[in-house]
Amino acid sequence: MENTYLINLPTEILYRIFDYCDIETILLKLRRVCKKLRTIVYQYNRFHVEFNERNIMYVRHLLHIVPNHSIVSLNMQLMKRWYEIFNDLVHKYKSRFTRLRYLRIPEVKDEHWKNLFTNENSIELISLKIDFIDTPNSAVFSKLSSMLTKLNVQKLYCRMLEYKAKNMSWPIPCKLTYLKLRRCLYSEYLLLLLQLPCLKILELEECIMKTENTCTPSSNISFISQLTCLIITDCSVPIEYLRSLILETPKLRHLKLCYRKEIFKSVVDIYDWEKFIRTELNFLDTCDFLVYYKIPPNDKTNLQLILAPFLESFWVNEKRWFIGCEYVLGHSTILLYTISTNFNFYSYKDVCYAISAKNNNYHLIQRLHNDILTDPIVKMYLNRNWIKKVSVQRIIDALQYNTTVTTVNLQEFNIKEEEAYHIAHMLETNKTLTVLNIGYNGLGDKGLCSLSEGLHKNMTLEELYLGCTGIGDAGAKSLAQVLQNNINGLKIISLESNAIGDNGARDLALALRNNKTLTTLDLARNKIGILGAEYFFESLQSSPVKVSLEENRDFCHLVEPVSRIKNDQSLTKFSLNKIHLKAVTAKYIADALQKNTTIKELDLSYNCIGTKEIIHFANILRENTTLKTLHLGANHSDKPEIRILVDGLECNTTIETLNYKPFRKRRTYYAKVIESQTHRELITLEMGWAPIAETTIDSFFSTIANHPTLTTLNMRQNLTSIDDLDHFGDILRNNMRLTTLCSEKNVIGNHGAENLASGLRDNMTLKTLILSSARIGVAGAKSLADAIQNNTTLTTFVLKHDQIGVQGTEYLANMLKINKTLVDIDLTNNQISDDGAQLMADVLVQNETLSKLNLCTNNIGVRGAKSIANALQNNTTLTVLDLSRNRILSKGAHYLANALEMNKTLKEMYVSFNQIGDDGVEYLRVSLEKNITLTELHIGSNGITDTMYKEKL
């Protein structure tokens, strides 16, 4: 169809669409689409309005634009002030409510009844719904009767209202055609129908049978009820008395009953029920029912026998009333009900073993909530240990020919050898099950042997979970035979937390060599030692299976790393940190690494590698062509065997990053390791937490200064002597490839800073200089500032914890007024105070390149915050500002908030830990209404109250 746009639809169809939209969508969205829709919206007169505690003001605003005479439905949800709001609405917007037909209100208090609708003669309701919270008192009935007369109501819903003939007087004549009540006594049922001659639909939540009055009251009353539909959602009237109720309503055509109480006590009662409906209620057009029947826990009642009478022609062919019968697992309860009804099954939301007249085969269903069914079930989780053996047997029977269930969880079902035999029999015939979890049961070796018989014939199961089932070597052997045959589709097997030892590990490992489908085998927390692990090491040379031996004996856990290295083609980083490698395991790991072509970063730190292990890894380094980054921290003993690793490094031409952080006492071979890379492609060197030996310091720094490819040097706590400091300048003076130099916790002082400054004057490549905890002081800051002042390459300068103070800040500020390349400066924890903040504020006024400024932890107060804020108002380059962990208080936050209203470039601001409180947060919050560029504002740990968080943030 051409031109099938929304606006081209006929107006009446658009109105039908509007009926399913809320008032906000119609007035604020559809109305604004185009002029045509705007006109149609203003002609629409079926608005449904809903009030709740959150939208009171919002909906009031919408009522201003609602056309007159257009609201037909009003829902006042449970609100404390609903009565005042309602009266205000119908008075202030009286013309909008002249066509009000459907009204829902919360519980009406006594003082409300008197004035409710007293002045609204124009309102004639069709439907009134009152949500009583508690059972109303007798005084409510007379007031309700008066309201029904005044409003001419035809449909009445009264939650929690119990009909009592002596209290309730209906208006005469009463036009009610629909009535829903909480409760009605059996003895007063006919009297209720007599008082409501127009009633066609009656819905009762409960119809109660009082034992002291079992005769039908008012039996002498002669009248013809107009009732066509009767619904009782919780009926306790026995069949013989129910007969008298129904036969007094000859026009009844629709009946819906739910028996929740123990009216039905045996199969005989079920048969009587079937006969009663078939012989005495055959005039009904629809008959929906739900009955409950309790049976003994170990009763093996055949559901087909219960359902048999409901398979006769009257039910299936003549009336087409199809009946279902269920056994609720774990509740010893039989449910009998008509199919395709919307009964609330209350607590019976578990998996049910069911049979129906539509399909005379057993099947499984599960209720998610209320009456919603998952039928057919695809995934069934029944990890409950309270279900009896008879229930387990029913589940297995249902699964045998099931064609929908793919996943079954039967954890903690006390499944033992007998049940395992039945599960195996089920697996032989089931063609859809792909996942089976029977962990945490008492299966044992014999149970697994029985199960294995079924697995031999099953071709669909892909995942089998047998954790914590008491399996030992014998059970593992039977499962290994299944894997050996390689005829099923098992992909994942979990045998964690069992008692499998080296013999069982041997059988499983040998089976893997021929198996072509298994991808994962979990043997964590068993009793496998290094002997069993070796079988897996050997099998993994030809098998792609991922094997886990975590928390077994010896070093079995290393089987998993070997498996991952061999089979995971997406693996680019791998860590063997702190796994305590030994010669046997190192060999297999090295072999796996040698064949791997994806891993680019390898971490072997903290393993105390000895001579035998080093030989294996040195061989890797000689031949590997993909490894780019190698971590070797805290491994090598102070012995000549380090030469083996150095030889391997000399042959490698691809490693770009070498992270070497040995223990403090193992420092002799820094230079040897670095020298081995002098003519290689080493780009990044990270070394820390160990001083360089005095005997090799000259050689080490000479190697660094003249390295042909090194661009990044990260040194952390390496220098021990004042003489070491002279080498820093040489590095920058001679190495013209270095772009990043980081020195952390190397106390270089002003002397070291002077050497660095000397080298920096001649260096034309360095882009990042980081000096953290170097204690360069004021003099060091001056030296570096002088060197950087005219530098044209450095872009990032970090001076953390360096004690430069206000005077040192002044030197840096003067430098920043001249330098044109620095974009990022970090002065964290340098005691610059408010005076230093003023100096940096002056920089922000003049500097046109700085984009990131970190002044965290600098004892900056309100005055310093004011200085920074004033500078921010006109600054056009700064994008990140960190003022966290200072003491700017709420007043300082106020200054910053004012600056944010004018600043157009700042994207991130950090003011955490500044004691700004609720007032400071409010200043900032208001400023963000005008600021359109800030994307991140960090305000944590500022003494902000919960009220502020909930209501304003």
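Predicted model: local features only at pLDDT ≥ 70, side-chain atom pairs only at ≥ 80, totals over all residues.

What follows is a conversation about helices, strands, aromatic rings and a few loop residues.

Visitor: How are the axes of helix α14 and helix α15 oriented to each other?
Guide: Two packed helices are described by the angle between their axes and the distance between the axes. The axes of α14, residues 417-429, and α15, residues 444-457, come within 7 Å and cross at roughly 5 degrees. Angles under 35 degrees count as roughly parallel, and α14 and α15 are therefore roughly parallel to each other.

Visitor: How do the residues of the contact of α14 with α15 divide into nonpolar, polar and charged?
Guide: On the α14 side the contact includes A420, Y421 and L427, and on the α15 side it includes K446, L451 and E453. Taking both helices together, the residues of this contact divide into seven nonpolar, three polar and five charged.

Visitor: Helix α15 also meets helix α16, so how do the residues of that contact divide?
Guide: The axes of α15 and α16, the latter covering residues 473-485, come within 8 Å and cross at roughly 10 degrees, and the two helices are therefore roughly parallel to each other. Among the residues that make the contact are L448, C449 and L455 of α15, together with A474, L479 and V482 of α16. The residues of the contact of α15 with α16 divide into seven nonpolar, six polar and two charged.

Visitor: Which strands stand at the edges of the open sheet of seven strands?
Guide: The order of the strands in this open sheet is β16-β17-β18-β19-β20-β21-β22, and the pairing is parallel. A strand at an edge has a single partner strand, so one side of it is left without a neighbour in the sheet. The strands at the edges are β16 (379-381) and β22 (546-548).

Visitor: How many of the six residues of strand β11 are buried?
Guide: In a regular strand the side chains alternate between the two faces of the sheet. In β11, I323, C325 and Y327 on one side are buried, and so are G324, E326 and V328 on the other. The strand, residues 323-328, is largely enclosed by the rest of the structure, because the number of its buried residues is six of six.

Visitor: What is the bridge partner of I323 in β12?
Guide: Strand β12, residues 333-338, pairs with β11 in the antiparallel sense over six bridges. In β12, the partner of I323 is T338.

Visitor: Is the pair of F289 and F310 stacked, edge-to-face or tilted, and which is it by its angle?
Guide: A pair of aromatic rings is described by the distance of the centres and the angle of the planes. The ring centres of F289 and F310 are 6.4 Å apart and their planes stand at 40 degrees, so the pair is tilted.

Visitor: And what is the pair of F289 and W315 called?
Guide: F289 lies in strand β10 and W315 in helix α12, so this pair ties together parts that are 26 residues apart in sequence. The ring centres are 6.3 Å apart and the planes stand at 80 degrees, so the pair is edge-to-face.

Visitor: Is W315 buried or exposed?
Guide: Buried means under 20% relative accessible area. W315 has a relative accessible area of 0%, so W315 is buried.

Visitor: Where is S497, a residue with a positive phi?
Guide: Phi of S497 is near 60 degrees, a positive value in a residue other than glycine. At 21% relative accessibility S497 counts as partly exposed, and its place is in the loop between β20 and α17 (502-512).

Visitor: How far apart in space are P708 and M736, C-alpha to C-alpha?
Guide: P708 is in the loop between α24 (697-705) and β28 (712-716). P708 and M736 are 28 residues apart in sequence, and their C-alpha to C-alpha distance in space is 9.0 Å.

Definitions and conventions. Residues numbered from 1 in each chain as written. Heavy atoms only, no water. Axes fitted to C-alpha atoms, helices over the stretch in contact; angles between N-to-C directions. Helix = DSSP H or I, 4+ residues; strand = E, 2+ residues; numbered from the N terminus. Parallel < 35°, antiparallel > 145°, perpendicular 65-115°, else oblique. Contact = heavy atoms within 4.5 Å. Nonpolar A, V, L, I, M, F, W, Y, C, P; charged D, E, K, R; others polar. Pairing = 2+ DSSP bridges. Buried < 20%, exposed > 50% of the residue type's maximum accessible area, 1.4 Å probe, protein only. Phe/Tyr/Trp six-rings, centres within 6.5 Å; stacked < 30°, edge-to-face > 60°.
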